[in-house]
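Have a look at it before reading on.

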Amino acid sequence: MKKVCVVTGAGGVLCSAFAAEMARKGYSVALLDLNLEAAEKFAAEIRANGGDAKAYRANVLEKDTLETVHAEILADMGKCDVLINGAGGNNPRATADHEYYEVGDETRDDIKTFFNLDKAGFDFVFSLNLMGTLIPTQIFAKDMIGREGCSVINISSMNAYTPLTKIPAYSAAKAGVSNFTQWLAVHFATAGIRVNAIAPGFFVTKQNKDLLFNADGTPTARTGKILAATPMKRFGKPEELFGALTFLTDPEKASFITGVIIPVDGGFSAYSGV
């Protein structure tokens, strides 16, 4: 019987790539996303390439609906062996327009400053990333108890090491994901469930495309800063995350590895700027 991999956020660029790679490794893959159409598109591509995959509409912030999806996956594929908590991201409501404080920011209402950031937007981003890791783990880790070779992979970020300007909620949330990964690793160590994380550097996705490129396709000033701080001087490709994913989910090669966060960033986290 095939092992089962559950991927949240599987309608996105990186997590759909994770799902396809796990299918190539022989897993039956459940692609979970709020956007069922997007998840089904990628599930269909996996099936067309000979893999076993099915899409499910899921909101990682709604425990009841996730419980229902869990029951469907149990019936369709069996118990979860690997959970990839990929759902997350930023939101414009939690993004400031200025990188640094400018005189008068505290009284302006024509732009988004630190002082008028939308609390609901901040709460949403924080919950999506942190609670969106907690709730799926609460549900799918139950499948792993008492079984060998099971693991959880969380998706952290470069923001967890050094917060980026303009996106305080996302940075704080990803720092929380890294810390929570370590907490989970300790908590489940005696249960035989390994918990690790991947911290991608800069990859072009649907969520950050408008921050990285202008409407005419030219790079933004932010892209210039990113590439200047990335020793390899380029963005990453989704497939360049597969090495870390394959290693961390390998029950033999990584059998004594839990609680680690692996940067895949072209050297960004190692570079001081000088």
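Where does Thr-107 lie? Thr-107 sits in the loop between β4 and α4.

## Starting from the loop

Keep in mind that this is a predicted model. Thr-107 has a relative accessible area of 66%, and since anything over 50% is called exposed, Thr-107 is an exposed residue. For a sense of scale, take Thr-107 and Pro-263: their C-alpha atoms are 39 Å apart in space, and the two residues are 156 apart in sequence.

## Strands β1 and β2

Now for the strands. Strand β1 covers residues 4-8, and five of its five residues are buried, so β1 is largely enclosed by the rest of the structure. Val-4, Val-6 and Thr-8 make up one side, Cys-5 and Val-7 the other, and both faces are covered.

## How the strands connect

β1 and β2 run parallel and are joined by five bridges. Cys-5 has Val-29 as its bridge partner in β2, and Thr-8 stands opposite Leu-32 in β2. β1 also pairs with β4 in the parallel sense, over three bridges, with Val-7 opposite Ile-84 in β4.

β2 in turn runs parallel to strand β3 (residues 52-57), and six bridges join the two. There, Ser-28 has Asp-52 in β3 as its bridge partner. What handedness does the unit made by β2, helix α2 and β3 have? This β-α-β unit is right-handed, with α2 spanning residues 36-48. The crossover from β1 through helix α1 (residues 13-24) to β2 is right-handed as well.

## Aromatic pairs

How many aromatic pairs does the structure hold? The count is five. One of them is Tyr-101 with Phe-115: the ring centres are 6.4 Å apart and the planes are at 80°, so the pair is edge-to-face. Both residues lie in the loop between β4 (82-85) and α4 (119-144), so this pair ties together parts that are 14 residues apart in sequence. Phe-115 itself is partly exposed, at 48% relative accessible area. Ring pairs also link Tyr-101, Phe-114 and Phe-115 into a cluster.

Phe-202 and Phe-268 give another edge-to-face pair, 5.0 Å centre to centre with 65° between the planes. Phe-202 lies in the loop between β6 (194-200) and α6 (209-212) and Phe-268 in the segment after β7 (261-264), so the parts tied together here are 66 residues apart in sequence. Phe-202 counts as buried at 14% relative accessibility, and Phe-268 counts as buried at 15%.

## The second largest pocket

Phe-268 turns up again in the lining of a pocket. The second largest pocket has a volume of about 350 Å³. It is lined by 16 residues, and the closest to its centre are Leu-164, Thr-165, Lys-225, Ala-229 and Phe-268.

What is the make-up of the lining of the second largest pocket by class? There are 10 nonpolar, three polar and three charged residues.

Note on methods
Residues numbered from 1 in each chain as written. Predicted model: local features only at pLDDT ≥ 70, side-chain atom pairs only at ≥ 80, totals over all residues. Heavy atoms only, no water. 1 Å grid on protein atoms, 1.4 Å probe; cavity = no way out; pocket = protein on both sides within 12 Å on 5 of 7 lines; lining within 4 Å. Points joined across faces, edges and corners; volume = space filled by probe spheres on them. Nonpolar A, V, L, I, M, F, W, Y, C, P; charged D, E, K, R; others polar. Phe/Tyr/Trp six-rings, centres within 6.5 Å; stacked < 30°, edge-to-face > 60°. Helix = DSSP H or I, 4+ residues; strand = E, 2+ residues; numbered from the N terminus. Buried < 20%, exposed > 50% of the residue type's maximum accessible area, 1.4 Å probe, protein only. Pairing = 2+ DSSP bridges. Right-handed = clockwise from strand over helix to strand, strands pointing away.
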